[in-house]
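Here's a quick briefing to read alongside the model. Have the viewer open and follow along.

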Amino acid sequence: MGIFLNPGNQGFESAIRSQIYVDKTQMLAYTNSVLDTEQRCLCVSRPRRFGKSIAAEMLVAYYGKGCDSAGLFENCKIASNRHFAEHLNQYDVIHIDINSFRNTGKAGESIVSGIQGAVIRELRETFPGCIPEAAVTLREALAGINKAKGTRFIVIIDEWDAVFREDKDDDGAQTEYIDFLRGLFKDVPAKRFIKLAYLTGILPIKKYGTESALNNFDEFTMLEADVLAEYVGFTEAEVRKLCERHGMDFAQTAQWYDGYVLEKGLHVYNPKSVVDSIRRKRIGNYWTNTETYESLKSYISMNFDGLRDAVARMLAGDSCRINPAKFQNDMTSFKSRDDILTLLIHLGYLTYDRENTSVRIPNEEVRGEFVNAIEDAGWKPVMDAINASDRLLEATWRMDAEAVAERIGAVHMANASVLHYNDENSLSCVIALAYFNAVKEYMLIREMPTGKGYADIVFLPRKHSDKPAMIVELKWNRSARGAIEQVKDRKYVQALEDYEGKILLVGINYNKKSKEYQCRIESV
């Protein structure tokens, strides 16, 4: 076994023997199905800490020669697949982590030169006499081995986009790197010596104009996860089982780490955060703590028309329409607010609704990261609303309807240039922003089914909280009293029949003509 050629199964063994492991081995059924086909080249992009490296290690352990991985996979889902044994440890695998060459390359040596030199040295040891002495490129080396031995390779490149993310201003390094990939995977000879190519990273493949630099790759992204959607993160069913097994509150876990909705309504959870919250037995910020909020702040503070408004609206619970098609899949070629928002999808800060071509903030953990980012960016009206939300909650608990109406009105007026309210649905945005810090005590449920309609917003106390539940009904150019009557007439309270504490009914009306709010609060 080598460092790059058939490096063994220790990486996957470490993952599978961890305290918490979620079986994603069925993905191998798909990669088996595309071996030696026109679809043999895959690029799977997803946010940092979403299991990219574990997936790459799984492929290495399953396909690579020189180790016996049968015991590792015997209790995994893929073991029942009829093609499982056919491909187990049958191929020569080259595994390259691009970041390792960025961090440990020799002085004056390019990343591409470092990669090719290191891998070719191992290939010469394993296949003596097969590589022409004059060969200096990995493509030449693999072609020589294929010609002499008929050997075909599986090439797995982890953090494939590190050059574009970390060396984003080095055009020369990027051009040399993409030419290296082209020579390895795209040219006609590559079909003779590449059995499977698997690239994984955060960004999709770089575009030049409107065309991908490697247009022979099938891409699976946070915009279009397609058949690999369930392998992007943890599915809802997987998280439910983990919560049941480890005694965690599933509803709270969902509010904090769910929100990435992929193909056909499939909900995907942030695996890093789910695992850490279960290990530590508490909900918290785990994924966002792995990277400074400064990077997010730098993107959302860029001077593109409509970008700040879009972020403020999403903080208030709204979604924003975007066109992701023009994004160049890099960290520098930004021409519009849509380019920034599309990048934030790939980075995991936003989730994309393909049906409505819109984006929103996926969950509470990420929403908190946006607050950190804007706090130092001079977004005073939004931050004032967030900072005042605790006082609004206190006024609601003491049933001070006049103070509640006054504080909500202040939030509305301060952010009127961003949040445009035209109906009851959009009115919920100002309420969500005004009650921003309620997440400390409550789970917020919008449009909660009640049997006779939908309650606009329900504030359901967390298990540790002794605060009252709240049903908030919103009206536009009507009356707060009418809102309360609707809650009673349609028996919205019955939807909380399993809740034994105090319940506040909060009716809020906005009068467009007077630009004033009215509020009425009753206790049941």
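R17 is exposed, with a relative accessible area of 59%; exposed means over 50% relative accessible area, buried under 20% and partly exposed in between, using a 1.4 Å probe and protein chains only. You'll find R17 in the loop between α1 (10-16) and α2 (27-34). From R17 to V439 it's 422 residues in sequence and 35 Å in space, C-alpha to C-alpha.

Keep in mind that this is a predicted model, where local features need pLDDT of at least 70 and side-chain atom pairs count only at pLDDT 80 or more, while totals for chains, interfaces and linings use all residues. Residues are numbered from 1 along each chain as its sequence is written, and side-chain values use heavy atoms, with hydrogens and water left out.

**Overall picture**

- The protein has 22 helices and 18 strands; these are DSSP runs numbered from the N terminus, with helices being H or I of at least four residues and strands being E of at least two.
- Taken along the principal axes, the C-alpha atoms fill a box of roughly 90 × 50 × 35 Å.
- Of the 524 residues, 56% count as buried.
- Among contacts with a separation of 6 or more, 69% come from residues 24 or more positions apart; contact here means heavy atoms within 4.5 Å.

**Helix α17, wrapped up**

- Eleven of the eleven residues of α17 (residues 337-347) are buried, so this helix is largely enclosed by the rest of the structure.
- The buried set includes R337, D338, D339 and H346, along with I340, L341 and L347.
- What do the buried residues of α17 pack against? Their partners are α15 (294-300), α16 (307-315), β11 (320-321), β12 (351-353), β13 (358-360) and α18 (364-375).
- Just after α17, G348 takes a positive phi of about 95°.

- The axes of α7 (residues 111-126) and α8 (residues 138-149) come within 9 Å and cross at roughly 20°; axes are lines fitted to C-alpha atoms, for helices over the stretch in contact, and angles run from 0 to 180 degrees between N-to-C directions.
- That angle makes α7 roughly parallel to α8, given that under 35 degrees counts as roughly parallel, over 145 as roughly antiparallel, 65 to 115 as roughly perpendicular and the rest as oblique.
- α7 passes α8 in a left-handed crossing, meaning the near helix is turned anticlockwise from the far one by less than a right angle, with clockwise being right-handed.
- On the α7 side the contact uses Q116, V119, I120 and L123, and these meet L138, A141, L142 and I145 in α8.
- The residues of this α7 and α8 contact divide into seven nonpolar, one polar and no charged; Ala, Val, Leu, Ile, Met, Phe, Trp, Tyr, Cys and Pro count as nonpolar, Asp, Glu, Lys and Arg as charged, and the others, Gly among them, as polar.
- α8 also packs with α10, at an angle of about 15° and with axes 9 Å apart, which makes α8 roughly parallel to α10.
- The crossing of α8 with α10 is right-handed, with L138, R139 and L142 of α8 touching F180, G183 and L184 of α10.
- By class, that contact has four nonpolar, one polar and one charged.
- Buried residues of α10 include Q174, Y177, F180, G183 and L184.

**α18 against α19**

- α18 and α19 (residues 380-397) pack at about 125°, axes 10 Å apart, which makes α18 oblique to α19.
- α18 passes α19 in a left-handed crossing, and the contact is made by V371, I374 and E375 of α18 and V382, M383 and I386 of α19.
- That contact has five nonpolar, no polar and one charged residues.

- Most residues other than glycine have a negative phi.
- E159 has a positive phi of about 55° although it is not a glycine.
- E159 sits in the loop between β3 (153-158) and α9 (162-166), and at 15% relative accessibility it counts as buried.
- K281, another residue other than glycine, has a positive phi near 60° and lies in the loop between α14 (271-280) and α15.
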